Amino acid sequence: MTYITEAWYPVVWADRVGRELTRHTVLDEPIVIYRLENGDIAALRDVCPHRRAPLSLGKLKGDTIECGYHGMTFDCSGKCVLIPGQEIIPRTAMVRAFPLQVKYGMVWLYMGEPKNADPAKIFHIEQYGKEGWHAVQGDTLRIECNYLSLCDNLLDPAHVTFVHASTLGTPAGAAVPVNNDYGESTITVWRWIRNGPVIPLFEKFGKLQGLVDRWHYYTYSMPCNFSIDMGSCVAGAIPDMEKRSEGVQMFTCHMLTPVDERTVLQHWFHVRNFRTDEHDIDAALSAGLDMAYREDKVVLERIQIEEERDPHFKNITLGIDAAPMKMRRMVAATIESEAAGRP
Amino acid sequence: MTYITEAWYPVVWADRVGRELTRHTVLDEPIVIYRLENGDIAALRDVCPHRRAPLSLGKLKGDTIECGYHGMTFDCSGKCVLIPGQEIIPRTAMVRAFPLQVKYGMVWLYMGEPKNADPAKIFHIEQYGKEGWHAVQGDTLRIECNYLSLCDNLLDPAHVTFVHASTLGTPAGAAVPVNNDYGESTITVWRWIRNGPVIPLFEKFGKLQGLVDRWHYYTYSMPCNFSIDMGSCVAGAIPDMEKRSEGVQMFTCHMLTPVDERTVLQHWFHVRNFRTDEHDIDAALSAGLDMAYREDKVVLERIQIEEERDPHFKNITLGIDAAPMKMRRMVAATIESEAAGRP
Amino acid sequence: MTYITEAWYPVVWADRVGRELTRHTVLDEPIVIYRLENGDIAALRDVCPHRRAPLSLGKLKGDTIECGYHGMTFDCSGKCVLIPGQEIIPRTAMVRAFPLQVKYGMVWLYMGEPKNADPAKIFHIEQYGKEGWHAVQGDTLRIECNYLSLCDNLLDPAHVTFVHASTLGTPAGAAVPVNNDYGESTITVWRWIRNGPVIPLFEKFGKLQGLVDRWHYYTYSMPCNFSIDMGSCVAGAIPDMEKRSEGVQMFTCHMLTPVDERTVLQHWFHVRNFRTDEHDIDAALSAGLDMAYREDKVVLERIQIEEERDPHFKNITLGIDAAPMKMRRMVAATIESEAAGRP
């Protein structure tokens, strides 16, 4: 399988990285991640170039890793600094190091040419850290499906009514069509559902009752990151659709790690503008979101099995598929561009 | 793998089908089966044509299935009757429905062209339901082997002495040769073993003692159904071999579901002419038969592993292989006929 | 995968073979092994040539095996002696029998042409059974890796410091280079580490203290057998390196069964010249060795996974790889010779 490689991918929450060697997989690459003595974090290919023992089986000595098989030792730039029993260190004795940034509590790796690793290109959401907003780190869900299936799902308001009836959806939304806005490396799918009942999540935590206007804005950013702007207000209270922050608003953000062809990690957090000081509801909100994402997981893993069973089946296309199909074309075109060596 | 498709195949006992959506696999096809409000049973391909979610993950609403992902709704003929958020339903929005019959308590599906689905072609045994005979529904055994290996086994009296020593066989039978009668889509393998000891099953339940004549008639019907006529009488009591019903006689019938290349379901029942009113022995007889079939399962699953390990091994052929080999030629010729478009 | 076939391979400890039929796999061949009435041991291919049921599922009758499916019966030379229901036994009705020897408590099979099966070519170690030496049967470890990876490991003193720090190694040895002696079908890698601390094993059992000279001689014999001569003496006590038996000396011998491409059995025993009458330390020594070999197992199984994940990765080569690389070239050349029909 091929992936977009000239991009930043999330891999693990930074607060889960300590002074142990831990193994991760991103785009089929095994990667060892560990914290340096100065508090920074490093990421190397998790394969000793000598006999291919995983470096994560070795020992962390200061900021270097000593391979557990023959003691070859690498610094955090991937350079071999010691070969026991041998004075000359061959030039080829090195492992790939990955450019690394921490943003939104998440470790991001640049999977392409290090010289292209511009931190400004990491997924961004302006409300994070801004006054009046409260950000809550969520969790990581492992789903046994191709990451593009999860991307389909995260660009798809139409499934909410059916998959998340008990958490995020209400039957009222089923028939409302969506709008699609396409950027160069972004897609936004959005709709307003007016004069409907409040969804269970906002009824419980947003203190809304009666008829509301509610919206979804699902925004995709290449290669596979999402912010979903969900909000509600008393019916008719926000005539200008750009002033959504006057209502009860919550962004859930999803940063995906394509592990391999059939496995994806979904890392998520939320940012909200209501009850920002009441941190005791953070866990309850996260639990509700986690439950909803597990509902998707069930469906996506079954679809994965079906797709592997019969790779030549031709899906029929509905109106709701426009944005997911556009997303897949954008990804395919970018992969093709990279293969052709275009910038 | 290819199968005979213009045929009725058994899939599940009808009394196990209720108002839930249950998933089955026949000839590699995933199928959802459920009971309609009027008591009938329906069978659809268990794949939503939109994104391939299994329909069995959805909801049964009346006699329709609502897909659990986006709410596409199909009636029991496979026709899409609702797409949420979209007024026009594309012609291609349908799933395959399978012609279905219930016979001998079993749900049968026609896996070929619906127009060819003639119920008269379902496996038949005349004693079922006839006066003087008592039919007992058995069970379903899942065996991890190709269905043709189980067909070999069910056309093969010679293995009984060795595999079923404690249940159906006695050493006396080992050396008695078999006769083979071939029809257009049937094969019967039979033998009489005269003046031998009674087999354990008939000793216990048929109340026979001392020397007996006993017979086996193994009858195969395409594609993969069997009746096995086992019986015994006091030695010499039935000179006319066609009057076997004067003795203690029991038909065990086997209806096979080829699930995939390496899995088969063996559904079985028995019909007997002795102690027909004593229903308390039904379960004991079934338990004895079940034990015997599990003895076959052990052998067949090991052979399957060996065949997969070394697909090019050439078996040697013995006299007892004539009928199984004929059966395999009949199946292969029918598959070839279907591929060539011959009726 | 191809293997050297004109060779004796170990398969199972003789004292674990009784009057049951047990299944083993050597070079991808399934083999049934059992003890004859006269106490000898026989080995046949574990596949009935009729329908491929494993013979090990059948019954041992005297020295013959009756297949559990149709009763075909084979003697210990592999000749079919009975086909129930059939008078003529086809010439082809036989199974392969393997030439078999017992040496060092181990059952050895000749996997090539029986006429070439010269017992003098079985792996040999002269100290076994000699006065002043005590031999202790060890155990069998199953490792999920290619047998050549374990061969690499058993020709490689350099890993001891890193993998076996708590059992066989000390940091002192890391930098001492090795010597390689090459024979026609043998390789010896050896080194002396002088004036170093005693290793944990000899400190505990060999009653050595203070500074010692210690040595390793790793000797490989085709196809995949090893003796490892480990020993120590008070620093400077043995000026002549050929007089190692004057010190505390222990041979650990490793006889490998390549089961299939990704599985190997490591059978091992030791022979020692110290505390030869104190049999109560045998188990303690074996436990220590077993723990060390399990340390290798962890590394080797992870390398196997990595090699399967990326078969085209090119390892870099260090000085310590000379002997393992020579070993692999010897094996490859012998396989090529056999394929070309050269003696």
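## The contact between chains B and C

In this predicted model, chain B and chain C meet through 20 residues of chain B and 19 residues of chain C. Two helices of chain B each supply at least two residues of the side that touches chain C: helix 2 (160-163) and helix 4 (282-309). Helix 4 of chain B gives the largest share of that side, 5 residues.

Sorted by class, the side of chain B that touches chain C holds 13 nonpolar residues, together with 4 polar and 3 charged ones.

## The contact between chains A and C

Chain A also touches chain C, with 19 residues of chain A in contact with 20 residues of chain C. On the side of chain A that touches chain C, 10 residues are nonpolar, 7 are polar and 2 are charged.

## How the copies are arranged

Two copies of a chain are related by a rotation about an axis and a shift along it.

Chain A superposes on chain C by a rotation of 120° with a shift of 0.1 Å along its axis, and the RMSD is 0.1 Å. Here the C-alpha of chain A nearest the axis is that of E308(A), 12 Å from it.

## Chain A as a whole

Chain A contains 5 helices and 17 strands. Its radius of gyration is 22 Å, close to the 20 Å that the globule rule gives for 343 residues, so chain A is as compact as a globular protein of that length. Along the principal axes, the C-alpha atoms of chain A fill a box of roughly 75 × 50 × 35 Å.

Buried residues make up 44% of the 343 residues of chain A. Among the contacts in chain A with a separation of 6 or more, 57% join residues 24 or more positions apart.

## Domains of chain A

The domain assignment divides chain A into domain 1 (8-119) and domain 2 (129-339). The centres of domain 1 and domain 2 of chain A, taken over C-alpha atoms, are 33 Å apart. Where the two domains of chain A touch, domain 1 contributes 11 residues and domain 2 contributes 9 residues.

On the domain 1 side of this contact, the elements that give two or more residues are strand 1 (8-13) and strand 2 (22-26) of chain A. Strand 1 of chain A provides the largest share of that side, 4 residues. The residues on the side of domain 1 that touches domain 2 of chain A comprise 8 nonpolar, 2 polar and 1 charged.

## The UniProt record

An unreviewed UniProt entry lists residues 8-109 of chain A as "domain: Rieske". Over residues 8-109, chain A is 0% helix and 41% strand.

Key: Residues are numbered from 1 along each chain as its sequence is written. Chains are lettered from A and ligands numbered from 1 in the order in which they are written. This is a predicted model: local features need pLDDT of at least 70, side-chain atom pairs count only at pLDDT 80 or more; totals for chains, interfaces and linings use all residues. Two residues are in contact if their C-beta atoms, placed from the backbone, lie within 7 Å. Ala, Val, Leu, Ile, Met, Phe, Trp, Tyr, Cys and Pro count as nonpolar, Asp, Glu, Lys and Arg as charged, and the others, Gly among them, as polar. The radius of gyration is taken over C-alpha atoms; the globule rule is 2.2 Å times the number of residues to the power 0.38. A residue is buried if 20 or more other C-beta atoms lie within 10 Å of its own, exposed if 12 or fewer, and partly exposed in between; C-beta atoms are placed from the backbone. UniProt positions are given in the numbering used here, feature names are shortened, and annotations may be inferred rather than shown by experiment. Domain bounds come from an automatic or database domain assignment. Copies are superposed by least squares on the C-alpha atoms of residues with pLDDT of at least 70 in both.
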